[in-house]
Protein chains: 2
Amino acid sequence: MQISFEKTAALLQAANDIVITSHVSPDGDALGSSLALAHHLLGQGKKVQLLLDDDLPLNFSFLPGFELFERPVEGIIREADLLVVLDTNLDRTGQVAAAVQAVQLNMDHHISNDLSAQYLYLDPSRAATGELIFEFLTFVQAEITTDMAICLYTAIATDCGFFRYSNTTPFTMQAGAALLSHGVKPNLISEALEIKPLATVQGIAAAMNTLQLFCDGKAAIVCVSKEILATALSTEGLVDFVRIIEGVDIAIVLKYVDDTTSRVSMRSKYTDVSRIAMDFGGGGHARAAGCTLHVSIDEAISCIIPAIKKAMGAVENA
Amino acid sequence: MQISFEKTAALLQAANDIVITSHVSPDGDALGSSLALAHHLLGQGKKVQLLLDDDLPLNFSFLPGFELFERPVEGIIREADLLVVLDTNLDRTGQVAAAVQAVQLNMDHHISNDLSAQYLYLDPSRAATGELIFEFLTFVQAEITTDMAICLYTAIATDCGFFRYSNTTPFTMQAGAALLSHGVKPNLISEALEIKPLATVQGIAAAMNTLQLFCDGKAAIVCVSKEILATALSTEGLVDFVRIIEGVDIAIVLKYVDDTTSRVSMRSKYTDVSRIAMDFGGGGHARAAGCTLHVSIDEAISCIIPAIKKAMGAVENA
């Protein structure tokens with residue numbers, strides 16, 4: 001059942017023992033929204049537990065209260081007054097939704113929300129769940145502490161690429177302005193989030209040496225081999241160095257998974273890459289999509305380059 | 001003489017033939033502020049000329065009116081009612097200040113402004129001259145068109161690192177919010193500005209292969225050799241890939257100038273690098289400084305690494 005801020009406030013008001021959770025593979029919005037709401041409810045004297053069924057990305061350890069996140073204990077059912085699920089459906093919370101017996105309140109901004117929650121506050125016009133929480137806290141006239149502001153700013157800024165993505169609205173930036181006035185230092189947050197391990201930076205540089213352009217420079221591919229991955233562990237952010245090349249429409253990162261499995265990630269400016277991904281059994285959005293090929297990385301190159309040439313040719317001839 | 005917005009408005013109102021200029025090595029704030037004010041004055045039916053004594057960075061060619069910038073013609077003195085100098089002192093306008101005979105109005109946000117202009121509107125609390133112009137246009141109740149909003153947003157966003165630098169204030173973000181409501185698409189602007197030529201991306205990747213860490217990983221240096229520079233032309237942005245490495249305080253880019261000249265650029269999180277630069281006859285700020293060494297690039301490495309070790313040791317022992 002979709003509900004208003006009034007009903008959301010009433011549900012939170014009535015509950016004394018509250019569990020907050022979010023999606024696995026947590027991002028800044030998942031972590032920041034959860035912590036901001038937790039700080040607010042703790043300030044109201046309520047018992048609050050933060051459960052998250054995944055490892056936490058350590059770049060976010062600057063978030064006030066980061067140490068409060070716990071993983072659910074297998075086989076133990078936790079009774080509570082209210083389970084608040086933020087930034088996702090209940091079915092993407094790992095073991096948490098099943099491990100907590102409580103009234104369910106879901107707050108989300110994803111248009112893809114499955115509407116299955118007992119109580120749902122959904123606003124797909126918002127760039128981040130952090131925006132919803134900020135709006136809700138303003139609605140209930142909550143005092144926004146600096147700790148809460150840091151969490152909310154991080155939630156919002158990470159979901160809209162620090163106010164650069166197309167989902168950024170005037171409200172997004174007004175929320176940012178208000179949070180700065182509550183003591184947020186944007187430089188400290190952006191610096192903490194851009195830090196990468198040395199091995200990752202070296203891995204990205206090594207992968208960039210494999211750069212190949214084709215389709216008259218409109219497509220660019222880099223390969224993350226078994227060797228690169230062995231030392232780099234992650235090459236997160238690599239695609240950003242490819243997609244900024246002048247004239248490139250489609251940026252492709254091809255990554256070793258095992259000797260007979262390769263992962264293709266694509267980003268584009270104009271061409272619908274989800275259609276290319278779907279041809280290989282993958283999916284995604286028009287501007288960001290991916291697929292898994294059950295061949296070696298060398299064979300994967302031989303598959304993906306002709307497919308992209310075909311897709312780009314189709315666009316040119318359209 | 002420092003003046004108010006009232007007096008600024010009166011000066012602009014009284015002038016019919018107006019020349020607008022800004023600093024050499026123009027950045028987003030110089031170009032965006034100049035164009036936004038030009039659009040406003042052209043809308044008032046005034047004659048406006050945009051003079052800029054330098055090449056223009058083509059990443060900014062999306063700015064509405066970009067084609068209006070002209071270079072001053074040597075030896076020709078231009079008479080006008082008003083010369084508006086934005087985002088700098090008069091002495092950083094190349095030949096423009098000397099080539100235009102007019103009443104001088106200077107609008108700037110740099111605390112380092114030399115206060116030499118005939119009329120000066122200065123507000124060092126603002127993150128960008130674009131913020132001043134936005135504030136001024138709001139003061140005179142000007143209609144802000146989408147073209148003007150794009151110019152002002154670009155001016156502001158580039159001077160505060162897309163709202164990530166420490167100079168970003170609540171007002172900065174409120175201005176951003178207002179400009180988005182006038183039709184700015186932040187994703188299109190940020191995408192246009194992050195584009196780099198293929199050769200530059202390849203040059204950055206090649207330079208990253210020279211990465212060396214020292215001082216227990218607290219300092220990191222990369223070298224841009226004659227060979228890298230020959231094909232890359234520019235490696236602008238290289239330092240950003242060095243300073244994000246986990247644990248790195250000082251990021252150093254050492255660049256070939258000629259066989260007996262090398263340029264050192266330093267960025268830091270904690271250590272005052274301006275003092276290191278000053279020891280070699282250079283200068284800058286505590287967190288960003290540089291110097292030129294009159295030795296080969298190999299000899300420069302041998303000079304700069306011990307100097308940085310000494311500076312960091314001094315901090316550790318302090």
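**Entry 1: B:Phe136.** I looked up B:Phe136 in this predicted model and found that the residue is partly exposed, with 19 other C-beta atoms within 10 Å. I then located B:Phe136 in helix 4 of chain B, which covers residues 129-139. Leaving aside residues up to four places away in sequence, I noted that B:Phe136 touches B:Phe5 and B:Thr8. I also checked B:Phe136 against B:Arg243: the two are 107 residues apart in sequence, and their C-alpha atoms are 37 Å apart in space.

**Entry 2: Domains of chain A.** I recorded that chain A is divided into domain 1, residues 5-194, and domain 2, residues 200-317. The C-alpha centres of these two domains of chain A lie 33 Å apart.

**Entry 3: The two copies.** I asked which rotation superposes chain A on chain B. The rotation is 180°, with 0.0 Å of shift along its axis, and the RMSD is 0.1 Å. The two copies are therefore related as by a two-fold rotation axis. I noted next that the same surface serves both copies, since 100% of the contact residues of chain A recur in chain B.

**Entry 4: The contact.** I read that 34 residues from chain A and 34 residues from chain B take part in the contact. On the side of chain A that touches chain B, helix 6 (170-181), helix 7 (186-194) and helix 8 (198-208) of chain A each supply at least two residues. Helix 6 of chain A gives the largest share of that side, 7 residues. By class, I listed 19 nonpolar, 10 polar and 5 charged residues on the side of chain A that touches chain B.

Technical notes: Residues are numbered from 1 along each chain as its sequence is written. Chains are lettered from A and ligands numbered from 1 in the order in which they are written. This is a predicted model: local features need pLDDT of at least 70, side-chain atom pairs count only at pLDDT 80 or more; totals for chains, interfaces and linings use all residues. Copies are superposed by least squares on the C-alpha atoms of residues with pLDDT of at least 70 in both. Two residues are in contact if their C-beta atoms, placed from the backbone, lie within 7 Å. Helices (H or I, at least four residues) and strands (E, at least two) are DSSP runs, numbered from the N terminus. Ala, Val, Leu, Ile, Met, Phe, Trp, Tyr, Cys and Pro count as nonpolar, Asp, Glu, Lys and Arg as charged, and the others, Gly among them, as polar. Domain bounds come from an automatic or database domain assignment. A residue is buried if 20 or more other C-beta atoms lie within 10 Å of its own, exposed if 12 or fewer, and partly exposed in between; C-beta atoms are placed from the backbone.
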